[in-house]
Amino acid sequence: MDFLLMDPTAQPSGNAVALAPRPEDFRHKRLGLIDNTKANAAALLEAVAAILQDDLQPAEIIRRRVPATLPADDALLDEIASECDLVIEAVGD
């Protein structure tokens, strides 16, 4: 008796993407905090921001909420990119 074994897993595919240029120093930059509106995401971000406050001394902290149910639209992503030098995103639940 012969058996045919099927592998249901998908193999990863995609293109390599280069990282965006990084400044040598993140101090005194505009820090963006983005949460996905789920439970505890905002609290996690605030805790992380408090930890980083003394080291980064951000010039400004910009907060945004992006619903978890839909991808962020291009206009919002462009806005965040133009307003922030560094972004931290939190996913709650």
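This report walks through a predicted model, from its sheet to two residues at the end of strand S1.

## Ground rules and confidence

Residues are numbered from 1 along each chain as its sequence is written. Because the model is predicted, local features need pLDDT of at least 70 and side-chain atom pairs count only at pLDDT 80 or more, while totals for chains, interfaces and linings use all residues; side-chain values use heavy atoms, with hydrogens and water left out.

The chain has a mean pLDDT (the predictor's confidence in each residue, from 0 to 100) of 88, and 100% of its residues reach 70 or more.

Helices (H or I, at least four residues) and strands (E, at least two) are DSSP runs, numbered from the N terminus. Three strands form an open sheet in the order S2-S1-S3, with parallel pairing; two strands pair if DSSP finds at least two bridges between them. S2 and S3 sit at the edges with a single partner strand each, so one side of each has no neighbour in the sheet. On average, neighbouring strands are turned by 20° against each other, direction ignored.

S1 is joined to S2 (residues 60-65) by six bridges, with Leu33 partnering Arg63 and Gly32 standing opposite Ile62. Over on S3 (residues 86-90), S1 makes five bridges, and Leu31 has Leu86 as its partner there.

## Helices against the strands

S1, H1 (residues 41-56) and S2 make a right-handed β-α-β unit: with the strands pointing away from the viewer, the path from the first strand over the helix to the second runs clockwise. H1 lies across S1, S2 and S3, at about 150° to S3.

Five of the six residues of S1 are buried (under 20% relative accessible area, with exposed over 50% and partly exposed in between; 1.4 Å probe, protein chains only), so the strand is largely enclosed by the rest of the structure. Asp35, in S1, is buried at 6%. Its side chain makes a 3.2 Å polar contact with that of Arg65. Beyond four places in sequence, Asp35 has contacts (heavy atoms within 4.5 Å) that include Ala41, Leu45 and Ala90.

Asn36 is in the loop between S1 and H1, and counts as buried at 7% relative accessibility. Residues touching Asn36, again beyond four places in sequence, include Ala41, Pro67 and Gly92.

Notes: Polar contact = N/O pair within 3.5 Å; in protein donor to acceptor, adjacent residues only side chain to side chain. Axes fitted to C-alpha atoms, helices over the stretch in contact; angles between N-to-C directions.
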